[in-house]
Amino acid sequence: MGPRYDVVTIFPDMITGALGYGVVSRALEAGRVSVQTWNPRDYTSDRHASVDDRPYGGGPGMVMRYEPLAGAVRAAREARADRAEVVYLSPQGERFDAAMAEKWAGGPGAILVCGRYEGVDERFIEACVDREVSIGDYVLSGGEPAALAMMDAVFRFVPGVLGHEDSAGEDSFAGGLLDCPHYTRPEEVEDRRVPEVLLSGDHAAIRRWRRAESKRRTRERREDLL
Ligand code: 9D3
């Protein structure tokens with residue numbers, strides 16, 4: 001069995017909905033990976049099942065309460081046989097990248113905690129979180145899109161998840177280069193022809209052309225990768 005991810009979120013349908021498509025959906029069905037959600041709202045004790053409250057010290061927005069988050073993480077931990085890491089998705093975290101995705105694909109998975117509102121009570125991070133991870137320097141509305149992006153990237157490195165398509169190792173970034181251009185039928189659209197080499201049947205020449213295109217694009221668009 002591949003990695004197992006337990007996702008703590010007040011919007012579980014966002015996670016299960018997005019996982020219902022394409023290669024990830026098939027990998028879940030085949031049991032190569034697994035994902036389960038845990039809703040902090042199910043671990044509240046007050047009449048209104050509140051997962052957030054006003055920030056001490058004042059200011060705009062709301063903060064996620066300690067108890068529902070800790071309860072959901074505890075339930076996830078008790079449902080697992082291992083001592084998986086608890087990862088809080090946060091703009092303050094270390095940056096997620098392809099190297100991390102590949103490493104995590106060979107591991108047991110993790111408990112991913114998604115925040116909403118202004119963030120979570122700092123004492124939850126101190127007591128329950130092993131590490132914080134961000135997917136980049138832009139503002140999301142919560143951790144769910146980040147958890148989905150990370151799981152998708154991780155699952156692609158799990159053996160058998162990609163079918164006969166090229167292996168994750170040949171993908172952009174893993175190989176350090178951007179992808180080459182792709183074409184399909186017809187040979188001509190609106191006066192634009194498919195590059196002749198791709199129609200030549202000369203597989204060595206095609207390999208050379210694709211490699212050269214990858215390098216040219218990387219130099220033009222992402223010199224930082226070279
Ligand atoms: C406008 C709110 N910001 C005030 C300075 C702080 C803020 C709070 C909560 C910014 C983002 C969020 C929600 N973001 C995430 O939960 C998140 C995230 C992200 O926003 N960017 C990149 N990676 C991640 S991982 C989780």
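I began with Val8, which I found opposite Val113 in β6, strands being DSSP runs of E of at least two residues and helices runs of H or I of at least four, numbered from the N terminus. The model is predicted, so that local features need pLDDT of at least 70 and side-chain atom pairs count only at pLDDT 80 or more, while totals for chains, interfaces and linings use all residues. Residues are numbered from 1 along each chain as its sequence is written, and side-chain values use heavy atoms, with hydrogens and water left out.

I next looked up the pairing of β1 (residues 4–8) with β6 (residues 109–114), which is parallel over five bridges; two strands pair if DSSP finds at least two bridges between them. β5 also pairs with β6 in the parallel sense over five bridges, and Tyr88 stands opposite Val113 in β6. From β5 the chain passes through α4 to β6 in a right-handed β-α-β crossover, meaning that the path from the first strand over the helix to the second runs clockwise with the strands pointing away from the viewer.

I then followed β5 to β7, which run parallel and are joined by five bridges, with Val87 opposite Arg131 in β7.

Taking the sheet as a whole, I noted an open arrangement of five strands in the order β2-β1-β6-β5-β7, with parallel pairing. Its edge strands, β2 (34–38) and β7 (131–134), each pair on one side only.

Last, I checked the domains, whose bounds come from an automatic or database domain assignment: domain 1 covers 4–155 and domain 2 covers 172–225, and their C-alpha centres lie 38 Å apart.
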